[in-house]
Amino acid sequence: MSQEAVSHVAQADVATLDPRRQPAVRRRRSRAGGGTNWPATLLLAVLSLTILVPLYFAVVTAFKTPTELAESGFGLPGSWSLDNFRTAWEMTEFPKRFWTSLVITLGAVTLTLLTNSMVAYAIARNLHRRWVKALYYYFVIALFVPFPIIMLPVVKETAILRIDNELGLILLYAVYGLAFNILLYTSYIKSIPLELEESAALEGASRWTIFWKVIFPLLTPMNATVGILTCLWAWNDFLLPLVILTDPDKQTLPLAQYVFQGQFNTNYTVAFASYLMAIAPMVLVYILAQRWIISGIMRGAQK
């Protein structure tokens with residue numbers, strides 16, 4: 001090739017790189033998912049702010065006197081006194097009830113994570129078997145069984161087995177959460193590649209070691225989701241402790257707060273102060289870990 005031809009090719013290549021010589025390309029804006037639906041977004045924002053109304057009412061009521069509450073429900077208190085909180089602290093024996101609720105909640109979360117994850121792992125890795133798939137659907141069907149239907153037999157069995165105490169309550173939380181937690185865990189475990197387990201098996205790891213050393217660490221987002229949901233449930237539950245716990249000294253916080261409900265009246269100002277003290281730990285836990293709940297549920301939805 002002559003020198004003039006080489007020069008001509010080089011000039012042509014430079015021309016193709018010059019953006020001013022490039023042909024105009026019309027960009028099309030994608031209509032599918034390309035814009036923001038502002039009316040729907042604003043509607044959701046307004047609806048989400050409605051939670052501030054009951055929260056505001058609870059806070060101002062906790063600082064009011066009964067007379068101020070009778071005069072105005074949504075008005076600000078005359079003075080921001082902590083007398084209602086001191087009264088609620090004494091009437092509910094808050095430190096003792098707080099400790100009981102804490103022990104039950106931590107025990108329920110720990111037992112749920114250890115047992116439910118193992119059951120879900122065994123089911124997820126054997127769904128190709130007929131009886132395992134039937135067992136999976138059996139657990140899912142349990143989601144539609146209301147607790148009041150089985151409440152009386154459960155109360156009688158716990159009394160016969162002498163586990164009508166904190167231990168029995170922890171066991172029941174782990175069992176009753178099994179159906180929903182299996183639904184979350186199995187969907188997440190199926191997204192974990194089998195090659196990881198096969199590589200560990202080639203290195204001589206047993207099935208027990210594979211689960212605890214390989215699978216369980218990968219379940220951290222889902223463990224956080226299940227743990228937080230179980231924590232909120234066990235901490236705020238009223239019905240199950242009411243029918244299971246027989247010792248009055250072992251009441252949880254929701255049960256102790258029932259003391260404000262009289263036969264003919266209710267001490268609303270002190271009751272709301274007690275409610276704020278009880279929900280404060282769970283609000284803090286949820287604020288710190290809400291991203292784990294969202295990410296875990298989204299990953300659990302993967303197939």
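**Exercise 1. Find which helices supply at least two residues each to the lining of the second largest pocket.**

Step 1. The helices are α3 (52-62) and α16 (268-300). Helices here are DSSP runs of H or I with at least four residues, numbered from the N terminus.

Step 2. A quick note on what you're looking at: this is a predicted model, where local features need pLDDT of at least 70 and side-chain atom pairs count only at pLDDT 80 or more, while totals for chains, interfaces and linings use all residues. Residues are numbered from 1 along each chain as its sequence is written, and side-chain values use heavy atoms, with hydrogens and water left out.

Step 3. Now list the lining: I51, L52, P54, L55, A58, F272, Y275, L276 and I279. A pocket is an open set of points on a 1 Å grid over the protein atoms alone, where a 1.4 Å probe fits, with protein on both sides within 12 Å along at least five of seven lines; lining residues have an atom within 4 Å of a point.

Step 4. Sort that lining by class and you get nine nonpolar, no polar and no charged residues. Nonpolar covers Ala, Val, Leu, Ile, Met, Phe, Trp, Tyr, Cys and Pro; charged covers Asp, Glu, Lys and Arg; the others, Gly among them, are polar.

Step 5. The volume of this second largest pocket is about 190 Å³, counted as the space filled by probe spheres set on grid points joined across faces, edges and corners.

**Exercise 2. Describe the lining of the largest pocket.**

Step 1. Start with the space inside the largest pocket, about 420 Å³.

Step 2. Its lining has 15 residues, and A142, V145, I150, V175 and Y176 are the ones nearest the centre.

Step 3. By class, 14 of the lining residues are nonpolar, none is polar and one is charged.

Step 4. Helices giving at least two lining residues each are α7 (130-141), α8 (147-160), α9 (166-176), α10 (178-189) and α14 (239-244).

**Exercise 3. Is α10 largely enclosed or largely open?**

Step 1. Check its length: α10 has 12 residues and reaches 15 Å from first C-alpha to last, close to the 16 Å expected. That expected span is 1.5 Å times one less than the number of residues.

Step 2. Look at burial, where buried means under 20% relative accessible area, exposed over 50% and partly exposed in between (1.4 Å probe, protein chains only). In α10, 10 of the 12 residues are buried, so this helix is largely enclosed by the rest of the structure.

Step 3. Among the buried ones are N181, T186 and S187, along with L184 and Y185.

**Exercise 4. Which residues have a positive phi without being glycine?**

Step 1. Most residues other than glycine have a negative phi.

Step 2. E93 has a phi near 50 degrees, and this residue is in the loop between α5 and α6. At 36% relative accessibility, E93 is partly exposed.

Step 3. R162 has a phi of about 60 degrees and lies in the loop between α8 and α9. With a relative accessible area of 70%, R162 is exposed.
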